[in-house]
Each structure stands twice: as structure tokens, then as C-alpha cells.
Amino acid sequence: MTKLSVNINKIATLRNARGGNNPNVVQTARDCERFGAEGITVHPRPDERHIRYTDVMDLKDVVTTEFNIEGYPDERFMEIIEKVRPAQATLVPDGPDVLTSCAGWDTVTHEEKLSEIIEEIKNMGVRTSVFVDPDLKMVDGASKIGADRIELYTEPYAAHFHQDRAEAVKNYVAAAKRAKEIGLGLNAGHDLDLHNLAYLKQQIPDLDEVSIGHALICDALYYGLENTIQMYLRQIRDSKEG
Ligand SMILES: CC(=O)[C@@H](O)[C@H](O)COP(=O)(O)O
Ligand SMILES: NCC(=O)COP(=O)(O)O
């Protein structure tokens, strides 16, 4: 079954705009779960422009589904993983000044560093996932460094979906097939939305998790959060070949 993990970064963006506590990030996480989310994702960034490290601590005992913490594995990230012990830590190669995640790891070049980090996180009893482009070498590299899962970086898929969806998904299907062959779990995320999600799921039925934030929170402005989460769940539950 593919789980829907709702990324609540954008709730924190809105809260931070006024400096108070509206909307309340912790309450939103609770509500997302009540509305059907099977996981909560956050991506604290060094400048804390949306999720703050204190939010991550506050969410520790609140999230009852799968808590997924994403980020670049610097000292602060490793400390928060150790304190919170989420279900999953997703390693993302973002520099501190990127607007949003824009590439997967080079798991070959960074083999040694990533192997050490992954071992450390696994010793905390936390599942590890590595954000990668749909490139067979990077998938093989993720297995070699001991990751439990990969998360396929889906921005290029989303960007090309409306031009030629079969072409846009081709490398993802190949990467997913390789991941499953070599025993890696399979996540996907970035710019997934109500247009492109069902097709991705049809082409890659073995997805373990999709994490979705930006589009889902935007859709919630129009459809409401409960209804929107149900709409996304239908995309991954009811998708048929088409
Ligand atoms: C790893 C990934 O694709 C998402 O976490 C994305 O980076 C969201 O981060 P922002 O909300 O900061 O854009
Ligand atoms: N891992 C991807 C994620 O959490 C959400 O990305 P996006 O939907 O905000 O682009």
C-alpha cells in the first residue's frame, strides 16, 4: 500500500508570516492524521523559514502515524533525529540557501560520508531514506551505502508530465524497478499534485510512500484540508491503468 505523508512545511510558512501561532502547526498535524494522512513530513531548514527545530520537538509525541523528517544531515539535523527518533529520516543534499530541494544525492561520490551517516541513524532505530534522481547508478549507490529506502525526486516528472507523461515517467519506472530488485523501499516526492499523482502510482504501483506538501496545501485553500487529503488518497487508492 502506498502511504500518503502530508508535508506541513507550508503551514509553518503561513504561521511565520505573522509571528504568532496561527495556523497551529501541531494542531494541523493532528488534523491531517484525523483526515486520513498516513504520515507527517517536515523539512526543517537551517534558516527555519518554515518548520522550526522546536516544531519538530513539539511534533515528537503528537504524530501517531509515520513521522518523516527530511533534511541535509548537518549536526543540528543529526541531533534532532537522535532526540525525536522519527519513523524515518530522509537525507536531502540541499545547500542552506536553496529555494527548495532541487536535486538528488550523488550516492557514488558521497558514498563514504553517507554510509557513516546512515549507519549512525540506523543505530538510533530510525529508518533511512535517501533522496535521489531517477538514475540507476544513484539507486545502486543508495543500496551500497546501506539506505533502507530511496525517495525519487519527482520535480522533473512533474515538470514534463503535461507535455509527454509516458516520457516523463520512463526513468522513474526503471529506477523503481531497480530499487525493488535490490531490496530498497521506495518513496517519491516533490511537486506531486492532483494531476500527476495517479499516473505515477499506476506506473509504479510498488510505491511505499509519497510525501506531498506544496500542492496539497494550495489545494486545501479551495477544497478544505479534510476534503483535499481524501482527494489525494483517492489518487493513490483508486488509480487504474489509463
Ligand atoms: C525533499 C523535498 O522534495 C521536499 O521536502 C521539499 O524540499 C519541500 O521543501 P520546501 O517546503 O522547503 O520547499
Ligand atoms: N519529500 C517531498 C515533500 O515532502 C513535499 O514536496 P512538495 O510537495 O512540497 O513539493
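Trainee: In this predicted model, which residue is the bridge partner of Ala89 in β5?

Mentor: Thr128 of β5 is the bridge partner of Ala89.

Trainee: What makes β4 and β5 a pair?

Mentor: Pairing needs at least two bridges. Strand β4, residues 88-91, and β5 have four bridges. So they count as paired, in the parallel sense.

Trainee: How do you know that β5 also pairs with β6?

Mentor: By the same cut-off of at least two bridges. Four bridges join β5 to β6, residues 149-153, and the two run parallel. Within β6, Arg149 stands opposite Ser129.

Trainee: Which helices belong to the right-handed β-α-β units that involve β5?

Mentor: Helix α5, residues 111-123, forms one with β4 and β5. Helix α6, residues 136-144, forms one with β5 and β6. Each is called right-handed because, with the strands pointing away from the viewer, the path over the helix runs clockwise.

Trainee: Why is β5 called mostly covered?

Mentor: A residue is buried if 20 or more other C-beta atoms lie within 10 Å of its own. In β5, residues 127-132, five of the six residues are buried. Hence the description "mostly covered".

Trainee: What makes the buried residues of α2 line one face?

Mentor: Take the residues themselves: Val25, Thr28, Ala29 and Cys32 are the buried ones in α2, residues 25-34. Seen down the helix axis, they fall within an arc of 105°, so they line one face. They pack against β1, α1, β2, α3 and α11.

Trainee: What comes after α2?

Mentor: Gly36 follows α2, and its phi is positive, near 120°.

Trainee: How do you know that the buried residues of α1 share a side?

Mentor: They are Asn9, Ile11, Ala12 and Arg15. Their arc around the axis is only 160°, which puts them on the same side of α1. Their cover includes β1, α2, β2, α3 and α10.

Trainee: Now ligand 2. Which residues come nearest?

Mentor: Asn7, Gly189, Ser211, Gly213 and His214, out of 13 residues around ligand 2. The elements giving two or more residues to this shell are β8, residues 209-212, and α10, residues 214-223.

Trainee: How does the shell around ligand 2 divide into nonpolar, polar and charged residues?

Mentor: Three are nonpolar, seven polar and three charged.

Key
Residues are numbered from 1 along each chain as its sequence is written. Chains are lettered from A and ligands numbered from 1 in the order in which they are written. This is a predicted model: local features need pLDDT of at least 70, side-chain atom pairs count only at pLDDT 80 or more; totals for chains, interfaces and linings use all residues. A residue is near a molecule or strand if its C-beta atom, placed from the backbone, lies within 6 Å of it. Ala, Val, Leu, Ile, Met, Phe, Trp, Tyr, Cys and Pro count as nonpolar, Asp, Glu, Lys and Arg as charged, and the others, Gly among them, as polar. A residue is buried if 20 or more other C-beta atoms lie within 10 Å of its own, exposed if 12 or fewer, and partly exposed in between; C-beta atoms are placed from the backbone. The arc is that of the directions from the helix axis to the C-beta atoms. Two residues are in contact if their C-beta atoms, placed from the backbone, lie within 7 Å.
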